[in-house]
Amino acid sequence: MQLAFLKSKSSKRIAVTIFTIFLFLLISFLMVYQTQIYQGKIWAYLGSSTDRFHMMRIEGLYHSLQRHQYFPLVNMSFMGGFGYLVNVFNSDFLMYPGAILRLMGFSSAQTLVGLNFLFNFLTFGVAFLCFYKVSKKYMNSLVFSFVYTMSTYRLHEVLFRHDIGEVGALLCLPVAMLGIYEIFYGDRRQWLYLAFGMTEIIYSQAIAPILVAVLIVIIALCQINELKKAPKRLLSLLWAALSSGLMSLAYFLPMIEQMHHTKFILGQSKGMLPKGAQDFSDVTKWSFNNTLSQPNIGITLILAAIIILISYMRIKNRAVKHFAIIGAVMLLASSKLFPWFIINATPLKVIQYPWHFDMIITLLLAIFVAADPLNIFTTKWAKSGLMIFVALMAFSASSRLINDSPLQLVSYDEYNDLDSFSIGTGQGYLPAGTSLGELQRTAHKPKIQSGKAKISNFRQYGTRLSFDFKNAKHAKVDLPIIGYYGFQSSQSTGQVSQLKMDKKNNNLAQVKINGKGKVIVDYFETATQKVTRRISFLSFLIIVAIVFINKLNLVDFDRIEGLRKTK
């Protein structure tokens, strides 16, 4: 017998919504409980690791906000105050929630737990809503949210690597995928999903946008006949690319500007795609074992890939068929079965490791599982059983992660002890020729390299450094910061030269002084950084305004080419 308040459709909708939100909250908590909450301990690799790198990014932003610097470009908490230009190459977009938690008094360990819980919940919600937008089926959408959010590869990033950037990209990926679907298979006027989704991914992680671009090209090739019949779909893709490009100018152009002025280790490093590729036998073994210590797609999706390779001819839905085949073939290609040495000679070498494609593979195969084109899970009980299986596999993998490496389970206090020299394994954002080891041994104070001078009252407050000098005679002084483009000595008094980078001494900032005066060095936004930030923000506001105006039917946007109702 139904409860009286559930008799109306609106009451049922409210009850289902509350249940779904509660379910997502509960599972989001349980996903991190074993490895990050139980007994007040957290499973993590300390020392120089992805975890330490991202926590230092949060710590640096937290310290900048304390100094009322709301959009810092150089993270001065890295390397004991020498500074690291990570913010230009990796947007701080996803670091702000963590920095706000630190401002509220939470420790680094508590901040990581809070972020992972938040990203779990948001990923559940975004995945559910994006799939429901197309399918209009509650249970199928719930299946997709479970299979995607609790996928082994995503848990590898959340619980093993603690890669906040990639976890954020995985949060935004379903939105971009919804836009890709609409442009190539559905209502091409819904291209804004791709524009916003791609922009969010760009501001989340540096490699993910390249992977999505590769996916778009592959799907476009699969739909080449449809694009010939309806070329305006390409126009919608162009609108999405243009909008995303404008909103992302604040990311791309400042990065290009820095690389124009400075040679970074990132640009000098050789591609590692062939060496980073794994044997397909290992990928299969890790997936069936459902291990989190190696990048893999897990038992549910590896079984899905096998079913696709056997039964793809029976898939009727064109979009699902394309996504399934692309996902399965991409799984094979992400191993040593593909000649990665060819790609290694192209700009795509920045992908670094072929297993990064597991992000796209996970999404595509999760769509196949949830869409169920082969009618394997036809009843609600079958779908519920699948979700329970996925959840149990996730909890089991988390438990085995602890059991296999119990020494990595550390107390919150030990986790909170950050290493400021954890700048990432590649050290890519250091200028070429910089030795991290030598910087660690360098005293954090100005040092006279040549000439004579008396220096006193050295101070550093974030990016701002100052010291007094007298009796200086052609003295070249190196300051304890990396001389990135943007640091200037223009506020100094006395005879102080323009700041330059001392390439003979780990690319530290250097000024030449004479006589008596005061050196003041600070980082100033370049014209490119100022203009692009304003353009991107203004573009975002204009696009949002257009969306609301369109909702209110104040302007007939159908008259604009590329936005008409014809598909």
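Which residues are buried in α17? In this predicted model, the answer is given with the first of the close-up views below.

**Close-up of helix α17 and its surroundings.** In α17, the buried residues are G298, I299, T300, L301, I302, A304, A305, I308 and S311. The elements that cover these buried residues include α6 (138–149), α7, α16 (280–289), α18 (318–333), α20 (358–371) and α21 (380–404). Helix α17 itself runs over residues 298–311, 14 residues in total, and spans 20 Å from its first C-alpha to its last, which is close to the 20 Å expected at 1.5 Å a residue.

**Close-up of the packing of helix α8 against helix α12.** Helix α8 (residues 164–184) packs with helix α12 (residues 232–247) at an angle of about 150 degrees, and their axes lie 8 Å apart. Because angles over 145 degrees count as roughly antiparallel, α8 and α12 are therefore roughly antiparallel to each other. On the α8 side the contact is made by E182, I183 and F184, which meet R233, S236, L237 and A240 of α12.

**Close-up of the salt bridge between E182 and K133.** The side chain of E182, a residue of α8 that also takes part in the contact with α12, meets the side chain of K133 in a salt bridge, at 3.6 Å from N to O. With a relative accessible area of 6%, E182 is buried, whereas K133, at 29%, is partly exposed.

E157 and R161 form a salt bridge in which the closest N and O atoms are 2.8 Å apart. Both residues lie in helix α7 (residues 152–161), where they are four residues apart, about one turn of the helix. An α-helix has 3.6 residues a turn, so residues three or four places apart point the same way. E157 and R161 are both buried, and salt bridges that share partners join E157, R161, D163 and E166 into one network.

**Close-up of the salt bridge between R52 and D51.** The structure holds 13 salt bridges, and one of them is formed by the side chains of R52 and D51, at 2.9 Å from N to O. R52 is buried, as is D51.

How values were computed:
Residues numbered from 1 in each chain as written. Predicted model: local features only at pLDDT ≥ 70, side-chain atom pairs only at ≥ 80, totals over all residues. Heavy atoms only, no water. Axes fitted to C-alpha atoms, helices over the stretch in contact; angles between N-to-C directions. Helix = DSSP H or I, 4+ residues; strand = E, 2+ residues; numbered from the N terminus. Parallel < 35°, antiparallel > 145°, perpendicular 65-115°, else oblique. Contact = heavy atoms within 4.5 Å. Salt bridge = Lys/Arg side-chain N within 4 Å of Asp/Glu carboxyl O. Buried < 20%, exposed > 50% of the residue type's maximum accessible area, 1.4 Å probe, protein only. Expected span 1.5 Å × (residues − 1).
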